[in-house]
Amino acid sequence: MPQYPFKTICYRICPGDTLFLISQMFDTTIDEIMAVNPGLDPENLTVGQVICLNPGLGYFNSVQYDANKISQSQADLRDYIHELWEQHVLWTRLTILSLVFDLPDTELVTNRLLRNPKDFEALLRLLYGDKEASAFADLLTNHLVIAAELIKAAKAGDNNGAADAEKRWYENADQIADLLAAINPYWSREDWKTMLYKHLAMTKDEAVNVLTGKYLESINGFDEIEEQALVMADMMTNGIINQFQDIFK
């Protein structure tokens with residue numbers, strides 16, 4: 001069954017859902033759902049669990065898009081959070097390239113990447129206040145700093161340093177998942193942990209491919225990173241809209 005390649009979405013399991021019913025709703029197949037959700041147990045779906053879907057063309061063709069389907073404030077929020085996550089992965093890639101090849105723009109590119117946590121902070125401050133927004137920005141900054149340490153250690157052949165950085169990288173992901181779950185009841189710690197771990201694994205593969213001269217693989221990998229980042233963006237957006245329904249009517 002042909003799939004619409006640019007519309008990976010998040011879906012939260014509802015009471016009575018089965019993979020067969022979900023596949024029918026979204027014009028896809030059980031095999032396709034399993035393929036984009038490695039490790040998913042079809043016999044033990046949990047209400048509230050978030051899975052990824054690549055709906056078929058029939059699903060999108062059946063949707064009637066009009067102004068009543070989504071409010072302007074919801075659309076604006078979705079678009080802005082998409083932009084933030086797109087910038088996150090794009091400037092991460094550019095920083096990887098600059099670090100690996102010692103480009104003269106390394107400092108400038110790195111500084112631009114480190115602006116991304118501050119942009120997230122500005123948005124979250126409006127909803128959660130200074131303390132929580134600042135805590136998220138600090139954790140996301142550490143996520144980026146540790147990634148740079150990992151790349152530098154790997155480039156230098158420092159296996160111990162790379163292993164230590166990777167360990168701290170995943171610990172940082174746990175902390176981000178903990179924080180997000182604590183401030184929004186619609187954000188699951190396990191869902192965020194799964195998403196962040198996948199993000200880390202793909203980013204590491206991207207860096208390794210650049211370091212080893214596998215440039216085509218790194219480009220193809222970035223396509224997957226970008227797509228997965230938009231899934232995280234949608235998960236963040238949906239949680240905010242559900243939590244602040246009075247604002248995003």
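Is Ala 153 buried or exposed, and what is its relative accessible area?

Mentor: Happy to. This is a predicted model, where local features need pLDDT of at least 70 and side-chain atom pairs count only at pLDDT 80 or more, while totals for chains, interfaces and linings use all residues. Residues are numbered from 1 along each chain as its sequence is written, and side-chain values use heavy atoms, with hydrogens and water left out.

Ala 153 is buried, with a relative accessible area of 8% (buried means under 20%, exposed over 50% and partly exposed in between, with a 1.4 Å probe and protein chains only). Ala 153 belongs to helix α6, which runs over residues 115–156 (helices are DSSP runs of H or I of at least four residues, strands runs of E of at least two, both numbered from the N terminus).

With 42 residues, a straight helix would reach 62 Å at 1.5 Å a residue, but the end C-alpha atoms of α6 are only 27 Å apart (the expected span is 1.5 Å times one less than the number of residues). Look at Gly 129, where a kink of about 135° is centred (the bend is the angle between axes fitted to the seven residues ending at a residue and the seven starting there). Just after α6 comes Gly 157, with a positive phi of about 75°.

Next, the packing. The largest nonpolar core has 48 residues, and Phe 136 is among those with the most contacts inside it, along with Trp 85, Trp 192, Met 236 and Ile 240 (a core is a set of buried Ala, Val, Leu, Ile, Met, Phe, Trp, Tyr and Cys residues joined through side-chain atoms within 4.5 Å). At least two residues of this core come from each of β2, α4, α6, α7 (159–183), α8 and α9. The largest share, 13 residues, is from α6.

Phe 136, Leu 140 and His 143 are among its lining residues, as are Trp 85, His 88, Ile 176, Leu 196 and His 199. The largest share of this lining, three residues, comes from α6, while α4 (72–100), α6 and α8 each supply at least two. By class, the lining has five nonpolar, three polar and no charged residues (Ala, Val, Leu, Ile, Met, Phe, Trp, Tyr, Cys and Pro count as nonpolar, Asp, Glu, Lys and Arg as charged, and the others, Gly among them, as polar).

Finally, a glance at α4, which also lines the cavity. Leu 99 lies in α4 and counts as buried at 11% relative accessibility. Its C-alpha atom is 9.0 Å from that of Thr 110, eleven residues away along the chain. Asp 102, in the loop between α4 and α5 (106–113), is exposed at 58% and has a positive phi of about 50° although it is not a glycine.

Terms used
On a 1 Å grid over the protein atoms alone, a cavity is a set of points where a 1.4 Å probe fits but cannot get out, and a pocket is an open set with protein on both sides within 12 Å along at least five of seven lines; lining residues have an atom within 4 Å of a point.
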